[in-house]
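Please read it with the sequence and the structure open beside it.

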Amino acid sequence: MTCCAGYCAAASFFDSRVAARDQRRYQRRGPDASTRMLLAEIRRWPLRGLYLLDVGSGIGVLATELAAAGLAGATLADASPAYLDLARRNVGSRYAGRPTQFMLGDFAATSATLPEADVVTLDRVVCCYPDADALLSAAAARSRRLLAFTHPPNRWYLRAGFAVMNFFFRIGRNQFRIFVHSPQQMASVLDAAGFVRAAHRESLLWSLSLYRRPEFPSPSP
Ligand SMILES: C[S@@+](CC[C@H](N)C(=O)[O-])C[C@H]1O[C@@H](n2cnc3c(N)ncnc32)[C@H](O)[C@@H]1O
C-alpha cells in the first residue's frame, strides 16, 4: 500500500534505508534530542488511561518510550510504509493487551478517518511538510486534551541551512523539502482551535510547544 492521497515526498524520502538507520541510532543511543524534550514535558502530565495519537510517528520511538506510562492504547500515523513497519515491531509487544493501530497516509488528507485521542503528538513532523496549518488543524481536531509538537525554531542559521539542503534536494530531483514554519502562525492555528499553550521549550535546534484544552489544567510543578 502506498500513500499518495496527498503529499508523498515524505513517504519516498523516509524509505527503508533511512528507517533502518534511525532504528540503529535508537538502539545505540535512545531517543533523539527533540524526542527527549517532548517526552520530558509530556511525562509531567498524568497519562494513565489516556489514548495517544502520534502523527508522523517514524519508527515509533515516542509510543515505545511512553508504553510504561499506563496509556490505554495508541495510534501511530505515518506517510512512510517503511517507518510504520519498524514502528509495528518496536511498539507491538510493549502494548500487550492494549489496542494499537498503525495508519499509513498523509495525515492532512486522512486525519478524519483516524480515531480521536487524548494526547496528540507531532515530533519533527511539521518541518517535513509544506502546509503546517493543515497538519496542525487536523491534529487539533483529533485531540481531546493535549497536543505537543516539536519544530525547528525560526533562526537565521536554520533558515540558511534548510535553504542549502533544499537546493541540493532540488538539483538532485528529489521532491522532498524541509521547512522552518512561522511559530506565530502555528500558534494562531492552535489558538483558533481552542487550545492554550501550557509549555514551551527551546534549544538551538528544536522548539517544543505543548498545548492543552482549557478544561484540563496544567499539573502542579
Ligand atoms: C523527521 S521524521 C520524525 C519521526 C518521528 N516523529 C521522530 O521524531 O523520530 C518525520 C516523519 O513524519 C512523517 N510525515 C511527514 N509528513 C507527514 C504527513 N503529512 N502525514 C504523515 N506522516 C508524515 C514522515 O514519514 C516521517 O516518518
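How are α7 and α9 oriented to each other, roughly parallel or roughly perpendicular?

## Model and confidence

This is a predicted model, in which local features need pLDDT of at least 70 and side-chain atom pairs count only at pLDDT 80 or more, while totals for chains, interfaces and linings use all residues. Residues are numbered from 1 along each chain as its sequence is written.

The pLDDT, which is the predictor's confidence in each residue from 0 to 100, averages 94 over the chain, and 97% of the residues score at least 70. Over residues 1-6 the pLDDT stays under 50, and for this stretch the model has 16 contacts beyond four places in sequence; two residues are in contact if their C-beta atoms, placed from the backbone, lie within 7 Å.

## Helices α7 and α9

Helix α7 (residues 132-142) and helix α9 (residues 183-192) have axes that come within 9 Å and cross at roughly 30 degrees, and the two helices are therefore roughly parallel to each other. Angles under 35 degrees count as roughly parallel, over 145 as roughly antiparallel, 65 to 115 as roughly perpendicular and the rest as oblique. Axes are lines fitted to C-alpha atoms, for helices over the stretch in contact, and angles run from 0 to 180 degrees between N-to-C directions. Helices (H or I, at least four residues) and strands (E, at least two) are DSSP runs, numbered from the N terminus.

On the α7 side the contact is made by A132, D133, L136, S137 and A140, and on the α9 side by Q185, M186, V189 and L190. By class, this contact of α7 with α9 has six nonpolar, two polar and one charged residues, where Ala, Val, Leu, Ile, Met, Phe, Trp, Tyr, Cys and Pro count as nonpolar, Asp, Glu, Lys and Arg as charged, and the others, Gly among them, as polar.

## Helices α2 and α5

Helix α2 (residues 16-29) packs with helix α5 (residues 81-91) at an angle of about 35 degrees, their axes being 8 Å apart. In this contact S16, A19 and Q23 of α2 meet A82, Y83 and L86 of α5, and the residues divide into four nonpolar, two polar and no charged.

## Around the ligand

The ligand has 21 residues around it, of which A10, G56, G58, F107 and D123 come nearest; a residue is near a molecule if its C-beta atom, placed from the backbone, lies within 6 Å of it. The shell has 12 nonpolar, five polar and four charged residues.
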